[in-house]
Amino acid sequence: NDNVLHAKNPNFCSSGDCFDSILLDGLDKKLSDNGKDTVLFLHQKGSHGPAYYRRVPPDFKKFLPECEQNELQECTPEEIYNAYDNSILYTDYIIDSAIKWLQDKSDSYNVALVYMSDHGQSLGEKGLYLHGMPYMFAPEEQTHPAALMWISPEFSTANNIDLSCVMAKKDNAFSHDNLFHTLLGINHVETSVYDPELDMLNGCYQK
């Protein structure tokens with residue numbers, strides 16, 4: 001349980017905040033050399049609002065002008081969208097960097113990555129901002145978070161996963177309920193709480 005934000009590395013942190021790139025720093029040190037399976041969890045700040053503009057280094061501010069305050073209703077819709085889109089662009093970079101790091105380890109490890117956002121965000125639609133409304137009333141902007149899965153060929157072979165089967169599920173509707181059981185299944189964790197019906201890869205494990 002390594003809280004990298006406490007490190008306050010000046011290469012990634014300024015004005016009391018740390019950018020998500022700090023999560024990628026020193027990943028090699030977190031790998032075990034004892035031959036056991038290793039699972040790393042990276043918890044991003046990502047696109048948590050309302051200060052979207054504080055989540056992104058200057059080099060990733062491609063969409064301008066952006067909202068540069070916490071009172072989103074004081075900004076124009078374009079400024080809010082730009083600030084949010086910059087945070088998405090930066091998250092895309094973080095995920096891409098993590099995948100490239102995993103690919104570099106593929107000679108020693110069978111690697112895969114699962115990404116799931118904890119929630120979506122309202123950006124002013126219907127006068128709503130951020131997230132947290134009761135589920136039955138929340139708009140889809142808040143309840144349809146992003147997720148992706150990347151599996152290396154070596155990982156799929158070692159774990160008998162049919163990648164064509166996985167790709168066929170890409171448009172299926174899943175929820176956070178599926179994440180726990182997918183991680184158990186993909187890591188072959190045997191426990192009575194595992195429900196294969198909630199494993200996103202259910203049916204894709206070849207026998």
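Me: In which helix does histidine 181 lie?
Reply: Happy to start there, keeping in mind that this is a predicted model. The helix that holds histidine 181 covers residues 176-186, and its name is H6.

Me: Is histidine 181 buried or exposed?
Reply: Let's look at its surroundings before the area. Leaving out residues up to four places away in sequence, histidine 181 touches Val193, Tyr194, Asp195, Leu198 and Asp199. Its relative accessible area is 9%. Buried means under 20%, so with 9% histidine 181 counts as buried.

Me: Which element supplies the largest share of the largest nonpolar core?
Reply: That core has eleven residues, among them Leu27, Leu31, Ile95, Trp101 and Trp150. Helix H2 (77-104) and strand S3 (112-116) each give at least two of its residues. The largest share is five residues, and it comes from H2.

Me: Which element gives the most to the lining of the second largest pocket?
Reply: This pocket has a volume of about 780 Å³ and is lined by 32 residues, with Met116, Ala147, Leu148, Phe174 and Met200 nearest its centre. By class, the lining has 20 nonpolar, nine polar and three charged residues. Two or more lining residues come from each of S3, helix H3 (140-143), strand S6 (147-151) and helix H5 (163-168). The top contributor, with five residues, is S6.

Notes. Residues are numbered from 1 along each chain as its sequence is written. This is a predicted model: local features need pLDDT of at least 70, side-chain atom pairs count only at pLDDT 80 or more; totals for chains, interfaces and linings use all residues. Side-chain values use heavy atoms; hydrogens and water are left out. A nonpolar core is a set of buried Ala, Val, Leu, Ile, Met, Phe, Trp, Tyr and Cys residues joined through side-chain atoms within 4.5 Å. Buried means under 20% relative accessible area, exposed over 50%, partly exposed in between (1.4 Å probe, protein chains only). Helices (H or I, at least four residues) and strands (E, at least two) are DSSP runs, numbered from the N terminus. Contact means heavy atoms within 4.5 Å. On a 1 Å grid over the protein atoms alone, a cavity is a set of points where a 1.4 Å probe fits but cannot get out, and a pocket is an open set with protein on both sides within 12 Å along at least five of seven lines; lining residues have an atom within 4 Å of a point. Grid points are joined across faces, edges and corners, and a volume is the space filled by probe spheres set on the points. Ala, Val, Leu, Ile, Met, Phe, Trp, Tyr, Cys and Pro count as nonpolar, Asp, Glu, Lys and Arg as charged, and the others, Gly among them, as polar.
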